[in-house]
Amino acid sequence: MGKVPDNNYYLFKSCVAGSMYPGIEIAIRFVLDRIGVDYSDDPRHSSCTGFAYHTGVMPLSTNLALNARNFSLAAGDTNKNIVCSCPTSYGNLKECKDILSKDADLRDRTAGVLYKIGKDYDISPSVNHISEIFLARLDDITAKSVRSLSGIKAVTHHGCHYTKIFYRDVASGNFERPMVLDNIAKAFGCDIVEYGERSLCCGMGFHHTLTESEYPEEVLKRKFSSIRDAGPDVIITQCPGCIFNLDHYQESLAGSIGDIDIPVLYISELVALMLGAGPEEIGLDMHIVPVDGLLEKIGIKGTKK
């Protein structure tokens, strides 16, 4: 992959994070503010439509035009580097850029659509995931830390749409064994523990989540059984969809595989805590699996009223 940009970010918001775990992006801004980087939080950009595209609802031509507009907004904003909180947005934007760079007919048609709405066709902005930014700026981030993860055991879960679509671009490790989240957490003293189903997905699968809840449940039974055997204090993710499945299904699967009760944190939430954020300040009280036990181990007052 190319060099990860160290500044000038265009934050690309996630529909899943914004509607279910808004603290993910609050935490991202908290971290970026603490290390003093330049970023924009543009209200004009739309969803990447990745959910609709991958479920077959959104046709390719519409997906390309809509995201060409998103690229144009980032390019027009002093050509900022797009930074995604969602691996689906990351993968979809990179795919759109790749297709438009190679297919002249689709490029011309898409440019024509932008012309009609008064936008310049410019897909030059780079696309990165926020976990890559945290990894690239890790020295700056740890220099601002006021807390430690010493004594905390964690397992990591990297998003499939980050590791398996543009698999050559994984920032640390590889698509079979990504290490992005591991390296960030270890920098704060966290003990990353192994588990057999590390590479198994969360079971979301878009179509399955909407129409076949039995599928993610069966996948997660395997995933949770493996995680529980490892005995972590927390599950660390980089995907809003994954955090939803791993958080939400613990309660509904308790009857079939027993209690799990392992808190799930997105990497920005964890890093923001290390930099001094309060739990309710970054929305940790909205998680389904309570995080108070983990917070107490870290030495932070919990979210309980």
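Helix H2 (residues 23-35) and helix H14 (residues 267-274) run past each other with axes that come within 8 Å and cross at roughly 45 degrees. That makes H2 oblique to H14 (under 35 degrees counts as roughly parallel, over 145 as roughly antiparallel, 65 to 115 as roughly perpendicular, and the rest as oblique). This is a predicted model, where local features need pLDDT of at least 70 and side-chain atom pairs count only at pLDDT 80 or more, while totals for chains, interfaces and linings use all residues. Residues are numbered from 1 along each chain as its sequence is written, and side-chain values use heavy atoms, with hydrogens and water left out.

**H2 against H14**
- H2 passes H14 in a left-handed crossing (the near helix is turned anticlockwise from the far one by less than a right angle).
- On the H2 side, Gly23, Ile24, Ala27, Ile28, Phe30 and Val31 do the touching, and they meet Ser268, Glu269, Val271 and Ala272 in H14 (contact means heavy atoms within 4.5 Å).
- Sorted by class, the contact of H2 with H14 has seven nonpolar, two polar and one charged residues.

**The sheet and its helices**
- Four strands form an open sheet in the order S2-S1-S3-S4, with parallel pairing (two strands pair if DSSP finds at least two bridges between them).
- The edges are strand S2 (39-40) and strand S4 (127-129), and each pairs on one side only.
- Strand S1 (residues 9-12) pairs with S2 in the parallel sense over two bridges, and Tyr10 has Ser40 in S2 as its bridge partner.
- H2 turns up here too: it packs on the sheet, touching S1 and S2, and its direction makes about 165 degrees with that of S1.
- Helix H5 (residues 87-102) also packs on the sheet, touching S1, strand S3 (81-84) and S4, and its direction makes about 160 degrees with that of S4.

**H12 against H13**
- The axes of helix H12 (residues 214-230) and helix H13 (residues 240-257) come within 10 Å and cross at roughly 90 degrees, which makes H12 roughly perpendicular to H13.
- From H12, Pro216, Glu217, Leu220, Lys221, Lys223, Phe224 and Arg228 make the contact, with Asn245, Leu246, Tyr249, Gln250, Leu253, Ser256 and Ile257 on the H13 side.
- The class tally for the contact of H12 with H13 is seven nonpolar, three polar and four charged residues.

**Gly299**
- Gly299 sits in the segment after helix H15 (292-298).
- Gly299 is exposed, at a relative accessible area of 63% (exposed means over 50%, buried under 20%, partly exposed in between, with a 1.4 Å probe and protein chains only).
- Its C-alpha atom is separated by 8.3 Å from that of Arg147, 152 residues apart along the chain.

How values were computed:
Axes are lines fitted to C-alpha atoms, for helices over the stretch in contact, and angles run from 0 to 180 degrees between N-to-C directions. Ala, Val, Leu, Ile, Met, Phe, Trp, Tyr, Cys and Pro count as nonpolar, Asp, Glu, Lys and Arg as charged, and the others, Gly among them, as polar.
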